Amino acid sequence: MATHTRKPLRNKVLAASALCAATVLGVAGLTAGGATAAEPAEPTADYNGDGYADLAVGVPGATVGGKAKAGYVNVVWGGKSGLGKHGATTVSQVTPGVPGTVEAGDGFGKAVESDDMNGDGYSDLVVGAPDEDNDAGLSAGTVAVVWGSADGFKGGFTAANGGYSDSSYGALLATGDFDKDGDKDIALNSHFDESSSVMMRPGPFTAGSPAELSRVEGWHFAGPAALAAGDFDGDGGDDLAISYDGMEISGTTVKSRDAGTGEWKETWSTADSTDTALATGDFDGDGTADLAIGDVKPNPEAEGTNCEDRLGGAILTVYGKKGTTLGGAASCTTQSGPQVGGSAESGDHFGAHLATVDTDQDGRDELIAGADAEAVGTAKNAGSYWFLASTGTGTSLAGPAFSQNSAGVAGTAEAGDRLGAAVAAGDYNGDGLPDVATGAPGEDAKSGGVWYAPTPTDGPYPPVVSVTPGKLGLSGASGYGAVLSR
């Protein structure tokens, strides 16, 4: 097994971040080394059980069977050489066993989650198609579970089916054991007339199992913007973080379901901003779950704010504290900070896309943050992403920025590439360290692509390579990389 250690990598990342004065830093010069071996990270999205994490890319704008914007999910298989070298497979409503009928505008793959929904040891796909027609012929949306297996994907199951026109089931998804009964559940959005809700579809997911949904939270003239699962109160079950936005209200709330009564209660909230991204992790390594809230924008109706400086976007990190729900300190991270790469500019959308990664398994997570509207030089909306580490509980995150103009990163930053429009992490090459995947849906005249950044076991960072529809032999792709399963 290759030897590596976490601290030198973290220290070098923080040292590099202190020098960030330009828009981006190259990857050259960031190294990791040491002599402490870590156990390999268990893949969180291993659909065929081969020990390598796989990457699911939702392509809701893809043409399938001649039907424009019917959508599919492309799964890029992980392997010893990482992403792009071991093939890929496409899952759509023409795939045998996958429920539904291919129709123009279904948007299959608008949201994608990965989880083992039936406990068989294989990761499954949870896929939203918010414009799919229901049994009554209404464009109401559906959520499907597609089963992973040693032989690839084997059939599927309709987990939720919208009952009203424009219900938009499946535009937002999160999975976890929210009712604490041992079965995985699905949280999803629902819309009706002038109101919107977040609903829970409880497990188990087997033929004939009850498909009744319970309401988690709802709003009039408002609706959910982002979902994330995490055990924020430390009781062993999953809670649900929800960002919401409307005409006069916005904020983020954490809801916890009482296992005895089945009632949902609010255990934490903030209403000072409009938030577009959520990610759960233990950023300070204290054993409690923390919550990262991205691209916080002012709420004019709020009396105060957690982030005073929000030019170009910000990330609010709320730390956990034992015996509480997110009862620790909070910090705000922006590009205006001296330890964050780039310069804050209006409209950057810094932190609008978030994912959590623990690069060499020391128990302290880092945050991958994307800003697809970031300008790189004169190239507007070229996009960038950041590797951000905590400098201590309650302090701002720090780290360098990367773009297609960074040393070692494939391609050239061009206007409209939108690198950072989605971010994900997984041990795609099976070396025990999670790697990073970043979407650029505007690449190649909006055909799109994904940039794969392996984490080094020791030595300098390997090259960041592109995985594109052309390289994978895909047809009908549009906006590839806009949706990545985390």
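Alanine 229 stands opposite leucine 240 in E14. Their strands, E13 (residues 222-230) and E14 (residues 239-246), pair in the antiparallel sense over eight bridges. Strands here (E, at least two residues) and helices (H or I, at least four) are DSSP runs, numbered from the N terminus. Pairing requires at least two DSSP bridges between two strands.

The model is predicted: local features need pLDDT of at least 70, side-chain atom pairs count only at pLDDT 80 or more, and totals for chains, interfaces and linings use all residues. Residues are numbered from 1 along each chain as its sequence is written, and side-chain values use heavy atoms, with hydrogens and water left out.

**Strands and sheets**

- Seven of the nine residues of strand E13 are buried, so the strand is largely enclosed by the rest of the structure. Buried means under 20% relative accessible area, exposed over 50%, and partly exposed in between (1.4 Å probe, protein chains only).
- An open sheet of four strands runs in the order E9-E10-E11-E12, with antiparallel pairing.
- E9 (173-176) and E12 are the edge strands, each with a single partner, so one side of each has no neighbour in the sheet.
- On average, neighbouring strands of this sheet are turned by 20° against each other, direction ignored. Axes are lines fitted to C-alpha atoms, for helices over the stretch in contact, and angles run from 0 to 180 degrees between N-to-C directions.
- Within the sheet, E10 (residues 185-192) and E11 (residues 195-201) form an antiparallel pair over seven bridges.
- Leucine 188 faces its opposite number, methionine 199 in E11.
- Strands of a sheet pair through backbone hydrogen bonds, either parallel or antiparallel.

**Salt bridges**

- The whole structure holds five salt bridges. Each is a side-chain nitrogen of Lys or Arg within 4 Å of a carboxyl oxygen of Asp or Glu.
- Glutamate 217 and lysine 255 form one of them, at 3.4 Å, N to O. Glutamate 217 lies in strand E12 (residues 214-220) and lysine 255 in strand E15 (residues 250-257), so the pair ties together parts that are 38 residues apart in sequence.
- Glutamate 217 is buried at 17% relative accessibility. Lysine 255 is buried as well, at 8%.
- Aspartate 372 and arginine 418 form another, at 3.0 Å, N to O. Aspartate 372 sits in the loop between E24 (366-371) and E25 (384-390), and arginine 418 in the loop between E27 (401-402) and E28 (422-426), so the pair links parts that are 46 residues apart in sequence.
- Aspartate 372 is buried, at 10%, whereas arginine 418 is partly exposed, at 33%.
- Aspartate 362 bridges to arginine 364 at 3.1 Å, N to O. Aspartate 362 is partly exposed, at 32%.

**Nonpolar core**

- The largest nonpolar core has 22 residues. Such a core is a set of buried Ala, Val, Leu, Ile, Met, Phe, Trp, Tyr and Cys residues joined through side-chain atoms within 4.5 Å.
- Leu55, Val57, Leu83, Tyr428, Tyr480 and Leu484 have the most contacts inside this core.
- E2 (55-59), E3 (72-76), E28 and E30 (450-453) each supply at least two of its residues. E2 gives the most, with three.
- Leucine 484 touches residues including Leu55, Val57, Val423 and Val450, not counting residues up to four places away in sequence. Contact means heavy atoms within 4.5 Å.

**Two buried sites**

- Threonine 455 is in the loop between E30 and E31 (459-460), and is buried at 6%.
- The side chain of threonine 455 reaches the backbone oxygen of proline 434 at 2.6 Å.
- Contacts of threonine 455 beyond four places in sequence are Thr359, Asp431, Leu433, Pro434 and Asp435.
- Alanine 144 is in strand E7 (residues 142-146), and is buried at 5%.
- Alanine 144 touches Leu125, Val127 and Phe157, among others, not counting residues up to four places away in sequence.

**Backbone geometry**

- Most residues other than glycine have a negative phi, and most peptide bonds are trans.
- The peptide bond from glycine 203 to proline 204 is cis, with omega near 10°. Proline 204 is in the loop between E11 and E12.
- Histidine 349 has a positive phi, near 60°. Histidine 349 lies in the loop between E22 (330-333) and E23 (353-357), and is partly exposed at 31%.
- Lysine 446 also has a positive phi, near 70°. Lysine 446 is in helix H2 (residues 443-446), and is exposed at 62%.

Technical notes:
A polar contact is a pair of N or O atoms within 3.5 Å; within protein, one must be able to donate a hydrogen and the other to accept it, and residues adjacent in sequence count only if both atoms are side-chain atoms.
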